[in-house]
Amino acid sequence: MIQFNTYNRQTGASEEASSKITVELVKAGLFKRSYRFIADGNIIGHLDYPKSFSQKAVAIVQGREFTILRGGWWKRFIEINSPTHQQYNMRIDLSWRSKMKILDADRNPYTLKPASIWKSKWHWVDRYERPQIEIISKSFSRKNRGLIEIRETEMKDRLFWIIVSWFVIMCSESDAAAVAAM
């Protein structure tokens with residue numbers, strides 16, 4: 001497995017992280033669900049939904065906790081709030097296809113967009129449309145829910161954006177299931 005360094009803004013130290021991250025689904029109760037992000041056997045992040053059909057989740061990445069909420073009816077958006085880390089308080093607009101555009105700390109643009117017609121594969125791409133991070137959602141697997149591969153290390157705060165993008169992907173799958181049930 002390839003290793004690369006990540007930079008922690010709080011401590012100023014670099015941290016080792018794996019280029020392959022697995023996502024496991026953990027049932028926290030009858031209707032609650034939780035996702036664990038695991039690299040090299042270590043849990044590097046959590047995404048917990050307090051209610052079954054809620055569009056709100058609590059995420060923890062390297063000891064930093066924040067909430068993610070999806071809102072809007074006609075114009076969708078996600079809102080990220082952290083009481084302790086002000087740089088994570090933001091609102092990001094989503095397109096009707098769940099495409100998300102962001103600027104990292106160095107003002108470099110990145111876009112999360114589906115890379116397959118069935119939205120089972122997603123990419124974070126840079127301004128030149130080069131895939132930086134690939135996220136594969138395995139919606140039919142009960143335990144091993146996804147696989148994330150970090151292809152390039154240019155993107156700042158990758159683990160934070162991986163958790164946020166997983167939330168967006170889960171919202172997109174929820175929307176697709178709701179439409180299919182009609």
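## Strands β6 and β7

Valine 61 has arginine 64 of β7 as its bridge partner. Strand β6 (residues 56–61) and strand β7 (residues 64–71) run antiparallel and are joined by six bridges. Strands are DSSP runs of E, at least two residues long, numbered from the N terminus; two of them pair if DSSP finds at least two bridges between them.

The model is predicted, with pLDDT of at least 70 needed for local features and 80 or more for side-chain atom pairs, while totals for chains, interfaces and linings use all residues. Residues are numbered from 1 along each chain as its sequence is written, and side-chain values use heavy atoms, without hydrogens and water.

## The sheet

Twelve strands make up an open, antiparallel sheet, ordered β9-β8-β7-β6-β5-β4-β3-β14-β13-β12-β11-β10. Its edges are β9 (90–93) and β10 (100–103); each has a single partner strand, so one side of each lacks a neighbour in the sheet.

## Aromatic pairs

Rings of Phe, Tyr and Trp (its six-membered ring) pair if their centres lie within 6.5 Å; planes under 30 degrees apart are stacked, over 60 edge-to-face, the rest tilted. Phenylalanine 66 and tyrosine 88 form a tilted pair, 5.9 Å centre to centre with 40° between the planes. Phenylalanine 66 lies in strand β7 and tyrosine 88 in the loop between β8 (77–81) and β9, 22 residues apart.

Buried means under 20% relative accessible area, exposed over 50%, and partly exposed in between (1.4 Å probe, protein chains only). Phenylalanine 66 is buried at 1% relative accessibility, and tyrosine 88 is buried at 2%.

Conventions
Helices (H or I, at least four residues) and strands (E, at least two) are DSSP runs, numbered from the N terminus.
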